[in-house]
Amino acid sequence: MSPESYSSFQNEIYLQGLLTEQVPELTTDLQALEDTARQALSPSAYGYVAGGAGGGATVRANREALDRRRVVPRMLRDVGTRDLSRTVLGTRMPAPVALAPVGVLSIVHPDGELAVARAAAKAGLPMVLSTASSYTLEEVAEASGEGSSRWFQLYWPKDREVTVSMLQRAEAAGYHTLVITLDTWLLGWRPTDLDRAYLPFLQRTGIANYLSDPAFLAGLDKPVEEDPLAAVAHWADMFADPTKTWQDLAFIREHWSGPIVLKGVLHADDARRARDEGMDGIVVSNHGGRQVDGAVAALDALPEVVDAVGGELAVLFDSGVRTGADVVKALALGADSVLIGRTYAYGLASGGEEGVTHVLRCLLAELDLTVALSGHRSPDELGPDLLAG
């Protein structure tokens, strides 16, 4: 995937059709890929990935906010040469796109995070590995290969020794940017999962980083194999911690030497507080609508947050993003980079590593074409005047 020719992916598809009558194995309509994934997944797995909080109002709001903004193309501009690259938090990206932390990916495909890491590395894009991964952070780092951009997302454990241990392991494995999720101290009310009484962590799926952690294991009376229920109970006791406050961030800074990003910021005051606490970036996100039903759409919150802190710390964006055109809209409203989540999970479900690669190629091609067809040559040229609505 050469950054200089993202849009040539469509030429490749047309040429294959001409010469071999071959059509893509997966749809190039990334919003339609969810239907393919639904057929490949068990009802419980599909519900876990696709479901949202409550009645799904926030999931819908995220899409409505993106659909409401309309691109206003400009004409007769030289867009023959384009450069989508951008440096965010010290990471040079060939395009301002990263793979958001999505946990428990082995319920989607047996290769889970390993397949995603390989696809992200092949594209040269950062992968933000979830604490709740099905494989250990060391295994995922190895799968990503030398020279890959490794970010680690932390579900901040209640136990300080486990927190320090995970941070030390992540740094030792080459993860250089830390993303702390702030909106999931407690799980949101998710009827899709509740109606099936389905929480994969209780089956020891998605807690590999805990079950491999020496500080976590030190808190068990017996080895995991001898008392797996006790191990799960130990995990559950330290996962939920709604007592954390802004003052606690100093502890993380003490034990992490690289950039720190706070994920789940939707209010300008919280963005300013993140800046004042010495953080390096924020992700404007409502967790894809999975935590608070009826919450503000992430894209609607983005401009105010950018106005509050833009330029003083990095502002990333996720929630609702499905296509390259969606990425353009978020960039136009001030995001430095955009994270995609469910879309690549649907690619993983539909075709494993190659499915993720297909999603990334489609998304980057559409991003490149939308930038060009709107009359621009780089993300730096995009601004609010690109959009109507």
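A charge is taken to sit over a ring if NZ of Lys or CZ of Arg is within 6 Å of the ring centre and within 35 degrees of the ring normal. In this predicted model, the charged end of Arg290 sits over the ring of Tyr48, 4.9 Å from its centre. A further case is Arg160, which lies over the face of Phe251 at 4.1 Å from the ring centre. Aromatic pairs number seven, and one aromatic cluster is formed by Tyr155, Phe201, Trp235 and Phe239.

Tyr48 is one of the buried residues of helix H3, which also include Ala45, Tyr46, Gly47, Val49 and Ala50. Helix H3 spans residues 43-50, and because six of its eight residues are buried, the helix is largely enclosed by the rest of the structure. The cover over these buried residues includes helix H2 (33-40), helix H8 (191-194) and helix H16.

Nonpolar side chains tend to be buried together in soluble globular proteins. The largest nonpolar core in the model comprises 117 residues, and Tyr175, Ile282, Leu302, Phe317 and Leu367 have the most contacts inside it. Helix H16 (residues 342-373) gives the most to this core, contributing 14 residues. Another core lies apart from it, with 13 residues, among them Val88, Val128, Trp151 and Val261. When residues up to four places away in sequence are not counted, Leu367 touches Leu84, Ala95, Val97, Gly324, Val327, Val328 and Leu331.

Helix H16 also contains His358. This histidine has a relative accessible area of 11% and is therefore buried, the limit being under 20%. A polar atom of the His358 side chain lies 2.9 Å from the backbone oxygen of Thr27. Beyond residues up to four places away in sequence, His358 touches Phe9, Pro24, Leu26, Thr27 and Thr28.

Arg169 is located in helix H7 (residues 160-172). Its side chain makes a polar contact of 2.9 Å with the side chain of Glu138. With neighbours within four places in sequence left aside, the residues in contact with Arg169 are Thr136, Leu137, Glu138, Asn209, Ser212 and Asp213.

Side chains in a regular strand alternate between the two faces of the sheet. In strand E9 (residues 281-284), Gly281 and Val283 point one way, whereas Ile282 and Val284 point the other way; all of them are buried. Strand E9 pairs with strand E8 (residues 260-265) in the parallel sense, over four bridges. Within this pairing, Lys263 stands opposite Val283.

Most residues other than glycine have a negative phi. Glu21 has a positive value, with phi near 60 degrees. Glu21 is found in the loop between helix H1 (8-20) and helix H2. The relative accessibility of Glu21 is 71%, so this residue counts as exposed, for which the cut-off is over 50%. Arg204 likewise has a positive phi, near 65 degrees, and lies in the loop between helix H8 and helix H9 (208-211). At 38% relative accessibility, Arg204 counts as partly exposed.

How values were computed
Residues are numbered from 1 along each chain as its sequence is written. This is a predicted model: local features need pLDDT of at least 70, side-chain atom pairs count only at pLDDT 80 or more; totals for chains, interfaces and linings use all residues. Side-chain values use heavy atoms; hydrogens and water are left out. Helices (H or I, at least four residues) and strands (E, at least two) are DSSP runs, numbered from the N terminus. A polar contact is a pair of N or O atoms within 3.5 Å; within protein, one must be able to donate a hydrogen and the other to accept it, and residues adjacent in sequence count only if both atoms are side-chain atoms. Contact means heavy atoms within 4.5 Å. A nonpolar core is a set of buried Ala, Val, Leu, Ile, Met, Phe, Trp, Tyr and Cys residues joined through side-chain atoms within 4.5 Å. Buried means under 20% relative accessible area, exposed over 50%, partly exposed in between (1.4 Å probe, protein chains only). Rings of Phe, Tyr and Trp (its six-membered ring) pair if their centres lie within 6.5 Å; planes under 30 degrees apart count as stacked, over 60 as edge-to-face and the rest as tilted. Two strands pair if DSSP finds at least two bridges between them.
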